[in-house]
Amino acid sequence: MIIVAGWLAVAPESRDAYLDDCREAVRLAREARGCLEYSLGADLLDPGRITVYERWESDEDLERFRGSGPSDEQAVQILDASVARYRISAVEAP
């Protein structure tokens, strides 16, 4: 399993519009083969921060979808980011 997690920083006054522009990408990701979870959300404390969380069955599934990254209009709005890919070897029940 692959987890992609982290955050994006955008101008606080643009965050809601940025997230709204991401709706179609989220829908497409969730319909993609191997996608277990795909979520972007507004941070509750920082008005310019967006939380990123994805879970994929495999690298191949992620890479197949990944060809469609943020549009140029979205990419220029990202002021900073910290997003990493994690490879999970086991899952334990809570």
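Biologist: What average pLDDT does the protein chain have?

Modeller: Good place to start, as this is a predicted model. The protein chain averages a pLDDT of 92, and 95% of the residues score at least 70.

Biologist: Which elements of the protein chain have the lowest and the highest mean pLDDT?

Modeller: First, the general idea. Where pLDDT is low, the predicted coordinates should not be read in detail. Here, helix 4 (residues 72–75) has the lowest mean pLDDT among the elements, at 78. Strand 3 (residues 49–56) has the highest, at 98.

Biologist: How many helices and strands does the protein chain have, then?

Modeller: There are four helices and four strands. Their order along the sequence is β-α-α-β-β-α-α-β.

Biologist: And what radius of gyration does the protein chain have?

Modeller: The way to read that value is to set it beside the one for a compact globule. For 94 residues, such a globule would have a radius of gyration near 12 Å; the protein chain has 14 Å, which agrees. Along the principal axes, the C-alpha atoms fill a box of roughly 40 × 30 × 20 Å.

Biologist: What percentage of the residues is buried?

Modeller: Buried here means under 20% relative accessible area. By that cut-off, 29% of the 94 residues are buried. The accessible surface comes to about 6200 Å², with 51% of it belonging to carbon and sulfur atoms.

Biologist: How far apart are the mean positions of the positive and negative charges?

Modeller: The protein chain carries 11 positive and 19 negative charges, and their mean positions are 5 Å apart.

Biologist: What about contacts between residues at least 6 apart in sequence?

Modeller: Of those contacts, 69% join residues at least 24 apart.

Notes. Residues numbered from 1 in each chain as written. Predicted model: local features only at pLDDT ≥ 70, side-chain atom pairs only at ≥ 80, totals over all residues. Heavy atoms only, no water. Helix = DSSP H or I, 4+ residues; strand = E, 2+ residues; numbered from the N terminus. Rg over C-alpha atoms; globule rule 2.2 N^0.38 Å. Buried < 20%, exposed > 50% of the residue type's maximum accessible area, 1.4 Å probe, protein only. Contact = heavy atoms within 4.5 Å. Areas by Shrake-Rupley, 256 points an atom, 1.4 Å probe, with all protein chains shown as cover. Lys, Arg positive; Asp, Glu negative; His and termini not counted. Charge placed at Lys NZ, Arg CZ, Asp CG, Glu CD. pLDDT = per-residue confidence, 0-100.
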